[in-house]
Amino acid sequence: MSARRGPSADVPAPPAAATDGKLGVVRAIGLVALVILVIAGGCTAAPPEPARVADHTVDPAFVHGTDHGDADRLAATVVTDVQRFWAAQYPAVFGKPWRDLDGGFFSVDTNGTGAPPPCATDVKDIEGNAYYCATVDAIAWDRAALLPVLREHYGDASVVVVLAHEIGHAVQQRAGMDVDDASVRLEAMADCYSGSFIRWVVDGHAEHLRINPEQLDRALRAIVVFRDPASTSSTAAHGTAFDRVSAFQSGFRDGARRCADVTGTSLAAPDPDDANKPLDEALRADRISGYFGDLVAQRGGRWTAPQVRSTPACPGATGPATFCAQPSAISIDRAAITEPHRKIGDQAATTLLASRFSLAALTELGRPTTGATASTQIMCLTGAYTVTQPGLSQGDLDEAVAVVLESDDVARDAQGTNSLTGFARLEAFRTGALGGAAAC
């Protein structure tokens, strides 16, 4: 994009909203489309967070157009801490000093009639969005239809993730990267930069912001929902849920220096006809069993394929799919597994079933089957299996990501316990997906 980068939650645009002109490619999503995405993802308003993300806030007087309200106070606090982060990190990563944004920050009431921000001709151009405007080195956000929706559904930490991503584009501009190239790679790098900042906050280094594991999980849900549609192939795309989560976690784990290595290359192909398969097809166990049977044999074990049955959960276990060690069996509660199949998609049901085969494999190999180590192994092996499926689409992979983040059931150990956060489950799943079973 030549002048404007956006939206970023990063909110994916419906095709009809894409335009081309002097301002560059502009992709927008209104509040109606945002609400549709929330409903489609099966998300509802979450309960209040147990702790504030901003324990004390910054006066937003430096923000152009501010109403001095709570949303702008949060946004002002975020951009203040992000710029302080880059004041320390930019010289270490790029070898020269950081320069705060020359064009400043703009808060827009898209329900009003005020002056439009840079890179926009009307206040409605930013409805439901935030973006970086490269021509004047500024960031703008919609305080009426974006920030309140983010906060209600995904918590204040989601606002931190969004605005840190936008400043990530300012980092690219300062580093001499081609901000006219609206590629998935540049978007992935901005997600990575956002992740590196969030790690700095989580580790307690930010002056004003604090993010705990529960808040981080809620913010990740925003990344999963604000993804490109599975059929997207545009060069202006922001990436699938797996792309975005993977880039974010790379920055979180490895720091900003490694973000230049992020490729934005998806493990699956777009599929415009990615229809939801019937439940019975999603629960076909023969290929899953074959994969884990081969894995056990390669590691010197003997595989006894679990009997898959439609019965209530195994004794002492809970969830839509459960593993019984004696005798080896997997019980599927069809009523329970119908919900993720309907709300998320067919791959959600397949992922839940594959996770129980992962537990069966650990049992056959004599590996730990209880505790956090077992849950991590279950998620890693499930990720390794997922990407081996013939014809795996981007939509399938995103459905797997969604159920891994949303469901404790996918990582339950032999005692029916899961101690992993959604972030940790996704990190283990991603390790297996990228590195295969050998990485687990």
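**Exercise 1. Determine which residues of helix H14 are buried in this predicted model, and which helices they pack against.**

Solution. Begin with the accessibility of each position: the buried residues of H14 are Gly422, Phe423, Arg425, Leu426, Ala428, Phe429, Arg430, Gly432 and Ala433, where a residue is taken as buried when its relative accessible area is under 20%. Next, look for the partners of these residues, which pack against helix H6 (213–225), helix H7 (241–254), helix H12 (371–386) and helix H13 (394–406).

**Exercise 2. Compare the span of H14 with the expected span, and find what follows the helix.**

Solution. Helix H14 covers residues 422–435, which gives it 14 residues. From the first C-alpha to the last, H14 reaches 20 Å, and this is close to the 20 Å expected at 1.5 Å a residue.

**Exercise 3. Describe the backbone at cysteine 119 and at aspartate 137, and decide whether each residue is buried or exposed.**

Solution. Take cysteine 119 to start with: its phi is positive, about 65 degrees, although the residue is not a glycine. Cysteine 119 sits in the loop that runs between strand S2 (104–108) and strand S3 (130–133), and with a relative accessible area of 7% it counts as buried. Then turn to aspartate 137, another residue other than glycine, whose phi is likewise positive and lies near 60 degrees. Aspartate 137 belongs to the loop between S3 and strand S4 (138–142), and its relative accessible area of 4% places it among the buried residues.

**Exercise 4. Locate the cis peptide bond that involves proline 327, and assign this proline to an element of the chain.**

Solution. The bond in question joins glutamine 326 and proline 327, and its omega of about -10 degrees goes with the cis form. To place it in the chain, note that proline 327 is in the loop between strand S6 (321–324) and strand S7 (329–332).

**Exercise 5. Summarise the protein chain as a whole, from its secondary structure to its contacts and surface.**

Solution. Counting the elements gives 14 helices and seven strands. Of the 440 residues in the protein chain, 56% are buried. For the contacts, consider the pairs of residues at least 6 apart in sequence: 70% of these contacts join residues at least 24 apart. Finally, the protein chain exposes about 16,800 Å², of which carbon and sulfur atoms supply 52%.

Methods:
Residues numbered from 1 in each chain as written. Predicted model: local features only at pLDDT ≥ 70, side-chain atom pairs only at ≥ 80, totals over all residues. Heavy atoms only, no water. Helix = DSSP H or I, 4+ residues; strand = E, 2+ residues; numbered from the N terminus. Buried < 20%, exposed > 50% of the residue type's maximum accessible area, 1.4 Å probe, protein only. Contact = heavy atoms within 4.5 Å. Areas by Shrake-Rupley, 256 points an atom, 1.4 Å probe, with all protein chains shown as cover. Expected span 1.5 Å × (residues − 1).
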